[in-house]
Structures are given as structure tokens and as C-alpha cells.
Amino acid sequence: MKVLVVGAGTMGHGIAEVCALAGNEVILCDINENILKNALSRIEWSVRKLEQKGRIKGADDVLKRLKTTTDLVEAAKEADFVIEAVVEKTEVKHEVFKTLDENCRDDVILATNTSTIPITDIAMATKRKDKVVGLHFFNPPTLIRLVEIIRGRDTSDETVRKTVEFAKSIGMDYVLVERDVPGFLINRINIRVFVEAIRLLEEGFKPEQIDAAVKYRAGLPMGLFEVVDFSGVDTVYNVLNEVRKRGFEVEVPGLLERMVLEGRLGMKTGKGFYEYSGFYTRAKI
Ligand code: NAI
């Protein structure tokens, strides 16, 4: 199968890797050449590491199955299944879905990795609302082998069935979210927890203290601020704004807005709640 992944950022490159590891041909599309280059080198690093550890064989073959492009129209024409992972902004998603709808074969399912935007809303940009579905991965998709499969108002049973098959074929467990509710299941909970953690920060606690508490006492695998830095401060900020716009009662902490304006986006820029260097920072864009 030829899978088109649109958006090669924090999530897109990991999703592309998971799809290629499962034996699919993958086209990774982004508007930015530097991001594509960076995505490929991160995938290569990860695939080689998996081979060194004996977890996979044939890293070269996996890498050969991946190609990159900035031409969404041409890529859409070749795709058998699409996963969109562009920025969490409704207008950008609409533009991408319109282009996909106009250029993909009629039978192609268009899945979105959105964290918060209703599937029903994204589907509005297309004439194939029955074939638009949520396929929500978690970061990093190579390690967290779970997806939420979200049914929009118009998503057909067949689309859900085929998406479940696809998720299984790339080695993912899944949770079926039968109602298109804001934040779906897991982010609905995460959002509340994270905003509460920011309140503690504003009351004078330090990220290290809060993260140590949740890791060593609440048993979470990563600290809350580590997760936000890893996910992208901008992505979390966009997620909060999107759910709030849709009537979900949540405050968007001013601190996050300031961090976004200052370019403190987390690992990808080398600075977020913590500081990073080397491999994790991405090329200047
Ligand atoms: P990101 O900002 O790291 O990457 C987004 C990419 O989309 C960028 O490389 C950008 O150049 C590209 N892009 C923007 N407009 C485009 C267009 N018209 N065509 C092609 N590419 C375009 O964002 P991230 O974090 O990867 O998020 C992507 C999606 O995944 C969002 O919907 C987000 O809510 C969702 N998500 C994010 C998670 C995370 O932990 N970061 C977890 C699960 C879902």
C-alpha cells in the first residue's frame, strides 16, 4: 500500500516511520524542505538504531520505501491511504483536505491525526465526508503503539472498518471513539492535568518538582512538562485554543502564549520548559 503522510513535523515523521517499518511505501509531504530533510535524518537514525538492537532487519529496505516531496497535488494522485499531520489549525487542515479530496482517487480514505479539531468539521472541506476519519497517534508513534480511531458524524462503517484494519496492519492497538467529542478521550484528560500543572508553576513551583512528583509518585512515565516540550509547546497551545473555541471550558495559560512568541517551543527549538541540545533540536526554519 502507498501511504501519504502530510506534515513531517513532530508527529508526521514518526507516523511515516511506523508505516514504512510495516512494509508500506510512504510519501512524506511538507511545505518546508528543511523539515523534510530533518524528518528523514531522524527516521534514518531511528531505523538504524532498531536494526542495531536486533528489533528489525533490513534498515536499508525500510529507508528505500520512504520518499519526500513538497508537491501535495502529485503525491495525492499516487496515494492509497492518507494520514494528515499538519499544524493544529482548522484553516490549514481545511486547505489540505480540499487539495487531497480534489486529487486523491475516490476510494481513498483521508485520516487526520488532529488532537482536537472535530472530524466532522475537517470533513466539511471535502466531498467524501464518509471517508474522513480520525486516526490519532501518540508521541512518539514508534513507541506508543496505540491510536484513537474517531468516527465523525458522516464517517461510514466501511471507513471505520478499513481504518481499524490499517491500524492493525501497522502494528497499532486502537481505541474506537464513536463520538466526535472535543479532545476525544485521552487529550480530554491530559488537557485538564496539564493546565493544573501550569497553575502550580504560576504558584511558584518548578517544572522539575512537578515532573519529579508525577514521575516518582503518580507513576507517569514522563513528567508533564517533559511531555509538553516533547510534543511542542506551540502544538499544546494550539490544542488548547482549538478546544476552547469549541466551548470546552479551559483557560489558555498566558505563559504558553509568551513561550510561543519567544520561540520556546520545546525540544524542536532547544528550549521550552527545559533546555536541549544536539539531536533533538530541529534545523532552523
Ligand atoms: P509540527 O508543528 O511539529 O508539524 C506540523 C508540520 O506541518 C510542519 O512541519 C509544517 O511545515 C507542516 N505543514 C504546515 N502546513 C502544511 C501544508 N499545507 N502542507 C504540508 N505540510 C504542512 O506539529 P505536530 O506536533 O507534528 O502536530 C501535527 C498534528 O498532529 C496536529 O494536528 C497535532 O494536533 C497532532 N498531534 C500532535 C501530537 C504531539 O505530541 N505533537 C500528538 C498527537 C497528535
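Let's start with two helices, α9 (residues 207-216) and α10 (residues 224-231), which pack at an angle of about 105° with their axes 7 Å apart. Helices here are DSSP runs of H or I with at least four residues, strands are runs of E with at least two, and both are numbered from the N terminus. Axes are lines fitted to C-alpha atoms, for helices over the stretch in contact, and angles run from 0 to 180 degrees between N-to-C directions. The angle makes α9 roughly perpendicular to α10, a label that covers 65 to 115 degrees. P207, I210, D211 and V214 of α9 meet L224, F225 and E226 of α10, where contact means C-beta atoms, placed from the backbone, within 7 Å. Five of these residues are nonpolar, none polar and two charged. (Ala, Val, Leu, Ile, Met, Phe, Trp, Tyr, Cys and Pro count as nonpolar, Asp, Glu, Lys and Arg as charged, and the others, Gly among them, as polar.)

A word on what you're looking at: this is a predicted model, in which local features need pLDDT of at least 70 and side-chain atom pairs count only at pLDDT 80 or more, while totals for chains, interfaces and linings use all residues. Residues are numbered from 1 along each chain as its sequence is written.

Now for the sheet. Eight strands form an open, mixed sheet in the order β3-β2-β1-β4-β5-β6-β7-β8, with pairing called when DSSP finds at least two bridges between two strands. From one strand to the next, the twist averages 25°. Take β4 (residues 81-84) and β5 (residues 109-112): they pair in the parallel sense over four bridges, and E84 stands opposite T112 in β5. Helix α5 lies across β1 (2-6), β4 and β5, running at about 170° to β4.

Zoom out, and the chain splits into domain 1 (2-177) and domain 2 (186-280), bounds that come from an automatic or database domain assignment. Their centres, taken over C-alpha atoms, are 25 Å apart. Domain 1 gives nine residues to the contact and domain 2 gives 11. The domain 1 side has two nonpolar, four polar and three charged residues.

Finally, the ligand. Both domains give residues to the shell around the ligand, so it lies between them. The shell holds 30 residues, the closest being G7, G9, S115, N139 and S231; a residue counts if its C-beta atom, placed from the backbone, lies within 6 Å. Elements giving two or more residues are α5 (90-103), β6 (132-137) and α11 (233-245). By class, the shell has 15 nonpolar, 13 polar and two charged residues.

Technical notes: Angles under 35 degrees count as roughly parallel, over 145 as roughly antiparallel, 65 to 115 as roughly perpendicular and the rest as oblique. Two residues are in contact if their C-beta atoms, placed from the backbone, lie within 7 Å.
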